[in-house]
Amino acid sequence: MTQLILNGQVELPETSRDKYRCYPATLSQQVDMISGRRVLEVRGHVQMIEYSYDYMGNDLMRAVLGILRGGTSFPVAYLPDEGNSLITGIFLTQEISQPTMAFSKGGIPYWHNFSFTLREVKPHD
C-alpha cells in the first residue's frame, strides 16, 4: 500500500507499527490584547504527516533528503486518516531526524532511524 509520494516522484516504502501518522492540526496563535486578556486566534487547520522508517537504501535516502532539506514547499500525495485513497497537498518539512549509517552491504550504505514531520502550507476550513 502506498502511503506517501514526495514531489510527485519519490515513493516511500510502506511503514507500519505506528510509524505513519496523518492527522489534521489546528493552526493557531495566542494573542495578548491591550486589555491584558489572552485570546487564541484560530487560522484554520493543516494536515500533519509523521513518517519514520528503519533501514533505507542509499539511493532512496539521497532522493528523500534532497527534497526534505530543499527549504521550499513541495507536493505530497498522502494517505489521510479518514480515507482509503491518496490526496495531494503542498507541504513543508517541519522536522527531520538526522539518519545514521547502520551498515554497508556490497559497499552501499544503509541508513537507520530516519523520521520526519511534514506540515501543510496553507490552512483550510
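Begin by selecting Tyr51, Tyr53, Phe114 and Phe116, which ring pairs link into a cluster. The model on display is predicted.

Next, consider the aromatic residues of the whole structure, where a search finds six aromatic pairs. Select Tyr78 and Phe91, which form an edge-to-face aromatic pair with 5.3 Å from centre to centre and 80° between the planes. Because Tyr78 belongs to strand 6 (residues 74–78) and Phe91 to strand 7 (residues 87–96), this pair ties together parts that are 13 residues apart in sequence. Tyr78 has a relative accessibility of 5% and therefore counts as buried, the limit being under 20%. Phe91 is likewise buried, with a relative accessible area of 0%.

Gln47 is buried, with a relative accessible area of 4%. Beyond residues up to four places away in sequence, Gln47 touches Tyr78 and Phe91, and its other contacts include Cys22, Tyr23, Pro24, Leu118, Arg119, Glu120 and His124.

Seven strands form an open, antiparallel sheet in the order 2-1-6-7-10-4-3. At its edges are strand 2 (10–11) and strand 3 (20–32), each of which pairs on one side only.

Finally, select helix 1 (residues 58–68). This helix lies across strand 1, strand 2, strand 6, strand 7 and strand 10 (114–120), and runs at about 35° to strand 10.

Key: Residues are numbered from 1 along each chain as its sequence is written. This is a predicted model: local features need pLDDT of at least 70, side-chain atom pairs count only at pLDDT 80 or more; totals for chains, interfaces and linings use all residues. Side-chain values use heavy atoms; hydrogens and water are left out. Rings of Phe, Tyr and Trp (its six-membered ring) pair if their centres lie within 6.5 Å; planes under 30 degrees apart count as stacked, over 60 as edge-to-face and the rest as tilted. Helices (H or I, at least four residues) and strands (E, at least two) are DSSP runs, numbered from the N terminus. Buried means under 20% relative accessible area, exposed over 50%, partly exposed in between (1.4 Å probe, protein chains only). Contact means heavy atoms within 4.5 Å. Two strands pair if DSSP finds at least two bridges between them. Axes are lines fitted to C-alpha atoms, for helices over the stretch in contact, and angles run from 0 to 180 degrees between N-to-C directions.
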